[in-house]
Amino acid sequence: MQYYSLHNNAPKVSFSEAVIKGLAPDKGLYFPEKITPLPKSFFDTIENLDTIEIAFQTIKQFVGDEIPETELRDILTDVLSFDFPVVDIKENIGTLELFHGPTMAFKDVGARFMARCLGYFNRNNDNKVTVLVATSGDTGGAVAQGFLGVKGVDVVILYPSGKVSDIQERQLTTLGQNITALEVDGVFDDCQDMVKKAFLDETITDHMQLTSANSINIARWLPQLFYFVFAYKQLKSKGKDIVFSVPSGNFGNICAGIVAHKLGLPVKHFVAATNVNDTVVRYMKTSDYDPKPSKATISNAMDVGNPSNFIRIQQLFDNNFESLKNSFSAYSFDDNATRKAMKEVYSQNKYIADPHGAVGYLGLKAYGLEENEYGVFLETAHPVKFLDIVEETLETKLQIPKQIEKVLNKEKISVKTNDYKKLKEFLLH
Ligand SMILES: *Cc1c(COP(=O)(O)O)cnc(C)c1O
């Protein structure tokens, strides 16, 4: 499998090169040259396949022969060592819980898969790769945990001081080994700007191989397609048309769902649910793509003003606005509506949704499910990751799961960084 740059101004590369580079030299996102649907029999008999077999069959064309079958199956077994249950909420609505991994957010699967792929590509050489990533909260923890102890990979995480939750901060500052957390005196956008600057700085890139671990990286992005196939396996016997509502920020998760659809997964419709950062929602109304700076909300992992993966979604629909509209809708909701939805699901169905899941639930309501449709909203993080907001909104106390308890009394270690010069010094030391 070859990958090309969506800016069409860079050479095609293999899977491993695309993973190691992250972004193409022309700054375009890499995209698979071809997506071949799986045989219909795969979906017809999916109930007989286990998680690893499903994952292997759906990802193998994207990896090609660069990771041999046995190693790829080992990687998948390691990555997918927890559950992805669909929990019924109402008559025709369920939630796909993606928070049973080590950091309790859905980014665990992508981060772990990318880490193990890079580890495999580095197995025989001493060339280090440095993963440089800015986080507004969840990415940092998942990347830190996913890459911990991976040979040949150093991880540098930039996070805004005082702007991430206590649990999120501990998840990314307490691991040590090959993981360093840089605590930036600023906001998320400052972290992001410093990372972008470093990728363009030849005085750095001439000395080291930098790569990114957010969803622009194909190894972070593509394995998320598993979720939608795992959900289908659980829902198939209902005999209904499935509508997925995906709480979206950078639109990587929903884009992976659309890739699963391209592989032949029966899905009736995709709903992108956003908070007030509504660039895509406005685009779907006007066909004018007009990104705005991000605004802070209670669903902070989706505070993205210019979603990087939307260009991939357009490509999946051959840049045809009408065909995009047939399969894809987008709705946005403010924090008030989000809190109301959290309360509604809790009082009516005794289910505790985190703010991101609640936005997904609202997406299904706005879409308006029909008689023969079953709606699934993705629960992208465990409510405990947004402890204060959830406890205050629902007026209840949450139990702290053991994955989280483990980090609560570990000591935070971070390197204070106040400007780009500091970052550069740190990288080149
Ligand atoms: C990252 C994240 C999202 C947004 O996912 P995208 O792939 O960026 O659209 C939603 N919810 C949570 C909890 C996240 O961490």
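A backbone N or O atom of Asn253 lies 2.9 Å from an oxygen atom of the ligand, a polar contact in the sense of a pair of N or O atoms within 3.5 Å. The model is a predicted one, in which local features need pLDDT of at least 70 and side-chain atom pairs count only at pLDDT 80 or more, whereas totals for chains, interfaces and linings use all residues. Residues are numbered from 1 along each chain as its sequence is written, and side-chain values use heavy atoms, with hydrogens and water left out.

Gly252 also contributes through its backbone, where an N or O atom lies 3.1 Å from an oxygen atom of the ligand. From Thr380 it is the side chain that takes part, with an N or O atom 2.7 Å from a nitrogen atom of the ligand. Of the 390 Å² of accessible area that the ligand has on its own, the protein covers 97% (Shrake-Rupley method, 1.4 Å probe). The ligand is surrounded by 15 residues, each with a heavy atom within 4 Å of it; the closest are Lys107, Gly249, Asn250, Phe251 and Thr380. This shell comprises 6 nonpolar, 7 polar and 2 charged residues, where Ala, Val, Leu, Ile, Met, Phe, Trp, Tyr, Cys and Pro count as nonpolar, Asp, Glu, Lys and Arg as charged, and the others, Gly among them, as polar.

An open sheet of 6 strands shows mixed pairing in the order β4-β5-β13-β10-β11-β12. Strands (E, at least two residues) and helices (H or I, at least four) are DSSP runs numbered from the N terminus, and two strands pair if DSSP finds at least two bridges between them. The edges are formed by β4 (86–90) and β12 (328–332), each of which pairs on one side only. Neighbouring strands of this sheet are turned by 25 degrees against each other on average, direction ignored. Within the sheet, β5 (residues 93–97) and β13 (residues 373–379) are parallel and share 5 bridges, with Thr95 opposite Phe377 of β13. Helix α13 (residues 279–286) packs on this sheet, touching β11 (269–274) and β12, and its direction makes about 125 degrees with that of β12. Contact here means heavy atoms within 4.5 Å; axes are lines fitted to C-alpha atoms, for helices over the stretch in contact, and angles run from 0 to 180 degrees between N-to-C directions.

Another open sheet has 5 strands in parallel pairing, ordered β9-β6-β7-β8-β14. Its edge strands are β9 (209–211) and β14 (415–417), and its twist averages 30 degrees from one strand to the next. Strands β7 (residues 153–160) and β8 (residues 179–184) pair over 6 bridges, Leu158 having Leu182 in β8 as its bridge partner.

Methods. Polar contact = N/O pair within 3.5 Å; in protein donor to acceptor, adjacent residues only side chain to side chain.
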